[in-house]
Amino acid sequence: MATDAGTLVPPPGERYTGAIITDKIADLVLVRPMHAGYYVGFIVTAAFTLLFIVAITYLFTTGVGIWGVAQPVAWAFALTNFVWWVGIGHAGTFISAFLLLLRQHWRTSVNRFAEAMTIFAVAMAGLMPILHLGRPWFFYWLIPYPDVMNVWPQWRSPLVWDIFAIATYIIVSILFWYMGLIPDLASLRDHARTRGKQVAYGLAALGWRGEARQWHRFETAYLLMGGLATPLVISVHTVVSLDFSFGLVPGWHSTIFPPYFVDGALYSGFAMALVLAVPMRKVFRLEDFITRDHLAKMGTLMLVTGLIVAYSYMVEAFNAYYSTDLYEIAMMRNRYFGPYAPISWSVILCNVLIPQALWSKRLRRNPLALFVLGLVVLLGMWLERFMIIVASLERDFLPSAWHMFYPTFWDLATLAGSLGAFAFLFLMFLRFLPAISMSELRKDVRQETIRAGTHT
Amino acid sequence: MLYALLAEFADPRALLDAVRRCRERYHDVDAYAPYAVDGLAEALGVRKNRVPLVTLIGGLVGGAGIYFLQWYSAVVDYPINSGGRPLDSWPVFIPPTFEITILGAALAAFFGMLLLNGLPKLHHPIFNAPEFELASRNRFFVAIRATDPEFDAVRTRAFLEGLAPIKVSEVPL
């Protein structure tokens with residue numbers, strides 16, 4: 001029976017056991033034929049991935065001039081995409097690490113795919129600043145190494161901190177994800193019927209045998225990784241926000257940026273988690289595992305983070321006027337009544353007004369509504385990053401330098417291509433790896449059985 | 001040659017009881033479970049767990065290393081007057097120090113856990129056991145290794161049968 005605790009819903013007349021869970025989830029990867037919807041998604045996302053490759057190739061052979069960037073708007077789509085994609089990753093880490101430390105057992109059903117979402121989103125994010133470098137083949141100059149030019153990175157720059165934050169984030173996310181996968185890879189190895197799969201999953205499982213001492217160290221290490229990932233995720237978007245607030249541009253130079261950016265990151269991440277979870281549970285028939293309770297909980301988290309985002313918008317506007325700084329006030333007026341006003345009001349509509357629908361308990365339990373709201377918030381958050389970056393740069397201190405930004409086809413192709421590549425990687429993950437942690441579900445189901453037993 | 005005798009159980013509670021009974025008479029006892037059973041390590045008498053220490057060392061090495069690198073490059077090797085700030089401007093060295101502390105600790109936790117667990121490993125005799133593939137599905141196993149001084153193929157088998165398992169099987173080496 002479904003309860004508010006976010007429990008599984010076994011089919012009538014059946015009771016979930018470790019065996020049924022393992023068979024159902026492992027069979028998704030090993031035997032069950034793919035749904036037609038999967039193939040459609042595969043072809044569409046593969047096409048967009050190709051577009052991404054074409055856009056990158058053209059960029060590398062020609063230069064950033066193919067984009068709409070020009071002074072004073074030197075940062076536009078690539079940086080917007082960067083901030084947006086990193087942010088999307090954050091909800092995955094929040095679900096897997098924060099909720100692990102808080103012992104929220106409902107995370108078990110959603111943490112694996114949320115972590116995969118994190119890795120692929122951060123991969124897309126990591127590409128963006130490199131694409132924007134102009135001479136991307138020199139990106140390694142950011143890494144401190146004793147080179148023949150005898151120069152070192154400027155440690156006082158947030159752009160240098162960025163590479164440490166993003167690189168650490170992606171490495172730790174992959175380790176955390178892979179560690180959780182090891183026992184499940186062992187299950188797949190033991191379930192596989194063909195030699196090729198046995199060897200492939202066997203090698204990936206690293207020889208895991210489920211020995212008690214192995215589990216003991218595994219649990220300790222997993223908890224420690226959760227404890228490390230929690231402050232890490234906050235530091236990452238803090239550093240990203242410092243890229244802006246260390247600059248003197250009105251609209252960037254603000255002390256509220258770190259919490260404002262971290263919270264916006266979680267907001268867009270929960271939206272993406274819902275957008276991925278709703279079709280996934282439908283196509284792979286995982287409704288018993290990722291229940292409406294799970295979706296409703298993610299919806300609640302989206303509502304809470306959305307309210308903090310709304311509060312941040314208010315504080316930002318208040319601070320501009322309270323500072324009595326002419327440039328800050330002009331920036332705020334320009335943002336909501338200048339040439340980019342349609343974008344800024346769309347941000348308010350998508351991020352503040354429409355998500356208030358989540359107050360309705362009925363809507364929070366309706367997968368389709370959550371899917372649509374997730375898309376709305378994703379759009380709103382992308383526009384918000386665009387508004388902060390472009391609308392602030394467009395009106396510089398010198399009116400003679402003011403210049404509007406218009407995206408070119410290649411700006412849009414890069415954004416669409418990164419979305420396609422992200423979805424493509426996610427579909428690959430669903431095909432080859434278990435989308436839900438089997439070993440953790442086995443444990444949870446056992447504890448639920450015990451709890452149910454003592455209550456009746 | 002025998003590697004061990006293996007008893008199979010359907011339930012974690014039965015496993016815990018069996019492990020406790022085995023530990024009364026034998027030393028080289030192993031248990032296998034499809035998930036981390038609470039209290040199993042204690043029942044096996046496992047006290048030491050060096051994963052936290054390894055993680056701490058990894059974090060300290062990472063943090064100290066990157067701070068030293070920043071100090072050395074900014075103060076000794078490539079001193080640049082940046083806006084009149086002191087060369088050793090430690091507050092701005094903190095963000096990379098924080099990140100690499102986390103990275104060092106995470107790498108140490110991950111690889112420390114694997115190496116202390118003796119992984120990666122291409123083969124292990126326990127995989128010769130019949131039905132051992134269920135250890136990653138829904139069955140729980142207790143093994144008494146042949147290296148135990150009290151081990152005797154016949155008497156140990158009789159002892160394991162006395163624990164009411166689903167079955168007892170031999171694990172060839």
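This is a predicted model: local features need pLDDT of at least 70, side-chain atom pairs count only at pLDDT 80 or more; totals for chains, interfaces and linings use all residues.
Before I count strand pairs, I need a rule: two strands pair if DSSP finds at least two bridges between them.

**Entry 1: strand β1 of chain B**

Then I checked β4(B), residues 167–172. β1(B) pairs with β4(B) over 6 bridges too, again in the antiparallel sense.

I picked Leu5(B) to follow across the sheet. Which residue is its bridge partner in β3(B)? That is Ile144(B). In β4(B), Leu5(B) stands opposite Glu170(B).

Next I looked at cover. Is β1(B), residues 2–9, mostly buried or exposed? The strand is mostly covered, with 6 of its 8 residues buried.

**Entry 2: the rest of chain B**

I listed the secondary structure of chain B and got 5 helices and 4 strands. Read along the sequence, the order is β-α-β-α-α-α-β-α-β.

Then the domains. Domain 1 of chain B takes in 2–48 + 125–172, while domain 2 covers 51–116. How far apart are the C-alpha centres of the two domains? They lie 45 Å apart.

I turned to the overall dimensions. The C-alpha trace of chain B spans about 80 × 30 × 30 Å along its principal axes. Its radius of gyration is 25 Å, whereas a compact globule of 173 residues would have one near 16 Å.

I also noted burial and contacts. Buried residues make up 42% of the 173 residues in chain B. Of the contacts in chain B with a separation of 6 or more, 77% are between residues 24 or more positions apart.

**Entry 3: chain A**

Over to chain A. How many helices and strands does chain A have? I get 15 helices and 0 strands. The radius of gyration of chain A is 23 Å, close to the 23 Å that the globule rule gives for 456 residues, so chain A is as compact as a globular protein of that length. Its C-alpha atoms fill a box of roughly 75 × 55 × 40 Å along the principal axes.

For burial, 51% of the 456 residues of chain A count as buried. Among contacts in chain A between residues at least 6 apart in sequence, 82% join residues at least 24 apart.

**Entry 4: where the chains meet**

I then looked at the interface. On the chain A side I count 48 residues, in contact with 53 residues of chain B. Which helices of chain A each supply at least two residues of the side that touches chain B? They are α1 (18–30), α5 (158–191), α7 (212–245) and α15 (438–455). The largest share comes from α7(A), with 16 residues.

**Entry 5: confidence**

Last, I looked up the scores. Chain B averages a pLDDT of 89, and 100% of the residues score at least 70. For the model I noted ipTM 0.93 and pTM 0.91.

How values were computed:
Residues are numbered from 1 along each chain as its sequence is written. Chains are lettered from A and ligands numbered from 1 in the order in which they are written. Domain bounds come from an automatic or database domain assignment. Two residues are in contact if their C-beta atoms, placed from the backbone, lie within 7 Å. A residue is buried if 20 or more other C-beta atoms lie within 10 Å of its own, exposed if 12 or fewer, and partly exposed in between; C-beta atoms are placed from the backbone. The radius of gyration is taken over C-alpha atoms; the globule rule is 2.2 Å times the number of residues to the power 0.38. pLDDT is the predictor's confidence in each residue, from 0 to 100.
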